[in-house]
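Welcome, and please take a moment to look over the structure below. We will walk through it one region at a time.

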Amino acid sequence: MKKLLEVKNMHVSIHTDSGVIQAVRGVSFDLYESETLAIVGESGSGKSITNKAIMGLLPVGGRIDEGEVILNGRDITHFSEKEMNMIRGAEVSMIFQDPLTSLNPTMTVGDQITEMLMLHKPEMTAEQRKNRALELLDMVGIPNPAERFGQYPHQFSGGMRQRVMISIALACEPRILIADEPTTALDVTIQAQILELMKKLQKKVNTSIIIITHNLGVVSSMADRVVVMYGGRFVECGDLDEVFYQTKHPYTKGLLDSIPNLQLSDQKLYSIPGTPPDLISPPHGCPFAARCERCMKVCEKYQPSEYEFSQTHRASCWLYDERAKGGALI
Amino acid sequence: MNAQMNIPQELFTPAGDNTAKQEHIARQHHSAFYDGWIRLRKNKAAVVCAVIILIIAVMSIVVPMTSKYTYFDTDYANKIAKPSAEHPFGTDLFGRDQWVRIWYGTGISLLIGLAAALINLLIGVFYGAISAIMGGKVDAIMQRIIEVLVGIPSLIIVILFMMALPPGIWTIIAAMSVTGWVNMARLVRAKILNLKSQEFVLAAQLLGTSTWKIILRHLIPNTISVIVIQVMFAIPSAIFTEAFLSFIGVGLSEPKASLGVLINNGYKALRAAPFLLIYPAIAIILIMICFSIVGDGLRDAFDPRMKH
Amino acid sequence: MTKTLLEIKDLSRFFTLSKGQVLEAVNGVSFDIHQGETFGLVGESGCGKSTLGRTVVGLYPPTKGKVIFDGIDVAGSKSQTQKMELSRRMQMIFQDPYTSLNPRMKVMDIIAEGIDNHHMAASRSERNQMVLDLLHSVGLDEEHANRYPHEFSGGQRQRVGIARALSVNPDFIVADEPISALDVSIQAQVVNLMKHLQETRNLTYLFIAHDLSMVKYISNRIGVMYLGNLVELASSDELFKNPLHPYTSALLSAIPLPDPKVERNRSRIVLEGNVKSPINLPKNCHFCTRCPKKQAICEREVPELKEVSPGHFVACHLIR
């Protein structure tokens, strides 16, 4: 399989009034052709910032301190705003959690799609653009595309807006689609619709998807591979089944155990004690050490190295060091 | 990798109970006001402007008190004198020392601005708070009254006032206060309406907190930043209104001086003595800019959400 | 049969938006909550579940119908003593941990507010001790008492909100989406804490949420709401094993499960269309626009909530 995107040892910090937030501290992953990669983590894990850094969309005060983002053989971390604009939408597209704030309220939905086409496909005529926009609206399951074309975002419901966002994101057939919590703001039944739509479209247009989410249910229904992040650092990655059924890292395990199982009744739910670390003064060792039931002295002092369990499955945890005998989880 | 291999074996043992650290808050502890103060201090422009305002205020009191000239002593032998060591800003058409008159006028302007802003504050906060807290019909009637007041051009009200009452500083202040509090009332009302529906106010209601306590403990403390910021913008606007009134000739009367009066006089003598216009103009511009920058700084510091 | 603590009788709450526009947030809902149980209320955004919760505790007056708490009509006229008794016995935990705590007050004073209002402590030191005990019972300690809310994480704030609700020793707590703003690992913490507190303090909960798996875990019985109506009510096991209303079935089927093997072999009922606007609703089954099993009668008549098996109620024309 062909590698589309390579993120190497990414470090991102955000300078704020209350101090420097070390949002991402050394995260690496690859994205292959036509796969879905899920990046899982809670708020403050750095999952969103990592992807904003890839797209050059860091918030004010944010900057990449170290690391490379290799897209089609080029390191795009030092690209200018103009160069990034040619990549955004054409090669890599992004959809966000809140479709209302990511659509322009003063432009019709049709204009927002054709604007994207105008920017990246200047060779198209106005009529071709309009036809393409109608085709896209139809593809994302918006009924009466001809009528909806001239309407404004506020005339759409939440689920429909997210469909519009997807149609804009896919307008120029990008190789990569980054979906940042695409269904978090939506109701369960609408979430199911959007997830089905994304799966269907992925087969049709053959893009790779990076889906960023905290919902492990969404992960297990969408992803081929999973990267787990915590406190700005890489925790575990592997194939979907490896991460869910041969879980290595205590954090991943705790996360999976803290979701109630609908099939069982009268279970005792596990909960990870404590609170995520403050990334203004992140812990020296493993960020999860303070909350980990199997924490060792080394975990509090040294950042764990990565241990490999299969070609695809890696975890960053001292329990798998030779010196921690019999430390491995089940 | 080598560094990692050197970690001693004995560290690979359970760390034991770590529950104490789990809920620890690493950040230094201070109130939201303190955080705002830190942000304000980092805003160099706002700090510089605040210092300038302070210096101007002190000078406007000290200079007229210590100078050997007064703002009203005329010296016809020395009319329209150019700036010199004796008269740093020169003298005006009546030979009065412009240096003293500018500082005196600045003082009067600041006094008018401050007094007008404080009266706006009192009426506006009270009116806005009652309107928002009572709600329903009372709110509707009070809002209609505000709309009527906004509908009448405030300049007409002010000019009518100035004609009806004896001229003087307090007439100007009273005239500007008739309509000046409207903005404050609207802001306070909006803020309290917004706070009223917030969950912490609902929680207080459910806990049996009396309406008065809710106002004093929950609503007012969360409105203070809005009020302070609005006052910082109301002061320069009152100073400017007064200057405008004096400039069109309905403000203070001679020999009293405000910056507006001085600019008016300077404008009349523009050809013969441009310095009579330039110095008071610089003073008013400086005051306006400084207050605006400090106001902006306060807003960014205490209401950081407004920035975005 | 356990004692009924709270009765909700034909409760409606409408909001008039402007002339001729009425938002029927809650429309004719009836159910009881028993002493010591957790009643889960689920539904999607805009279904009226939060409005119902706020009407139950008396924050909104009902448009129609009654809420009776242990013999007292919550919305009716009451003496000052009755008012204070209700405010001591019924409390609420809020959704948003960021707006539910006064940013200008220290945690100590936030939690002590109820203690002060009800004069529950004889002295200042007793009051402070009570606050510390409450902080301990939600897993926080002295270190946190003198801090301001903005210094806490979302989960810690939510626990401060719980301690505040507990401060007056209530019997009944309405938890209005207490976990939906929290991270996964923190959700389990808060839910487990609520369960533990229920056992140790003999509490009754009305637990409002949109996350069905958590609701199932904590609740004894569950009510499902759709656009202001209660469409199904059953014990939580029964509801998940044997959902009768087509909306409940679709809702259950829509939850993505954190189990890849199950997800791969799952066929979903994906509902077409969107929830109708709750303004000026017609008199019919509100779900008929999205229902896969819709029949002619559904567009004409309002289905009534019927008991189809002991303790299992459903409002659907197709089920007799």
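Let us begin with L270(B), which is partly exposed, having a relative accessible area of 37%. You can find L270(B) in the loop that links α12 (259-268) and α13 (275-302) of chain B. Keep in mind as you look that this is a predicted model. L270(B) also belongs to a nonpolar surface patch of about 520 Å².

Now turn to chain C, where 4 strands form an open sheet in the order β2-β1-β4-β5, with antiparallel pairing. At its edges are β2 (21-34) and β5 (72-73) of chain C, each of which pairs on one side only. Strands of a sheet pair through backbone hydrogen bonds, in either a parallel or an antiparallel way. For a close look at one such pairing, follow β4 (residues 64-69) of chain C to β5(C): the two are antiparallel and share 2 bridges. Here F69(C) has I72(C), in β5(C), as its bridge partner.

Helix α1 (residues 49-56) of chain C lies across β1 (4-18), β2 and β4 of chain C, and α1 runs at about 120 degrees to β1(C).

How many of the residues of strand β8 (residues 204-209) of chain C are buried? The count is 6 of the 6, so β8(C) is largely enclosed by the rest of the structure. In a regular strand the side chains alternate between the two faces of the sheet. In β8(C), T204(C), L206(C) and I208(C) point one way, while Y205(C), F207(C) and A209(C) point the other way. Residues pointing either way are all buried.

Strand β8(C) has parallel partners to trace as well. Strand β3 (residues 38-42) of chain C pairs with β8(C) in the parallel sense over 5 bridges, and F39(C) has L206(C) as its bridge partner. Strand β7(C) is likewise joined to β8(C) by 5 bridges and runs parallel to it.

N169(C), in the loop between α6 (154-166) and β7 of chain C, has a phi near 50 degrees, a positive value in a residue other than glycine. N169(C) is partly exposed, with a relative accessible area of 45%. In chain A, N144(A) also has a positive phi near 50 degrees, and N144(A) sits in the loop between α5 (126-139) and α6 (145-148) of chain A.

Our last stop is S28(A), in strand β2 (residues 19-32) of chain A. S28(A) is partly exposed, at a relative accessible area of 30%. Leaving aside neighbours within four places in sequence, S28(A) is in contact with V7(A), K8(A) and N9(A). Finally, find R233(A): it is 205 residues from S28(A) along the chain, and the C-alpha atoms of the two are separated by 9.4 Å.

Definitions and conventions. Residues are numbered from 1 along each chain as its sequence is written. Chains are lettered from A and ligands numbered from 1 in the order in which they are written. This is a predicted model: local features need pLDDT of at least 70, side-chain atom pairs count only at pLDDT 80 or more; totals for chains, interfaces and linings use all residues. Side-chain values use heavy atoms; hydrogens and water are left out. Two strands pair if DSSP finds at least two bridges between them. Contact means heavy atoms within 4.5 Å. Axes are lines fitted to C-alpha atoms, for helices over the stretch in contact, and angles run from 0 to 180 degrees between N-to-C directions. Patches are made of residues with over 30% relative accessible area and no salt bridge: like charges are joined within 9 Å, nonpolar side chains (Val, Leu, Ile, Met, Phe, Trp, Tyr) within 5 Å. Accessible areas come from the Shrake-Rupley method with a 1.4 Å probe; for residues, only the protein chains shown count as cover. A salt bridge is a side-chain nitrogen of Lys or Arg within 4 Å of a carboxyl oxygen of Asp or Glu. Buried means under 20% relative accessible area, exposed over 50%, partly exposed in between (1.4 Å probe, protein chains only).
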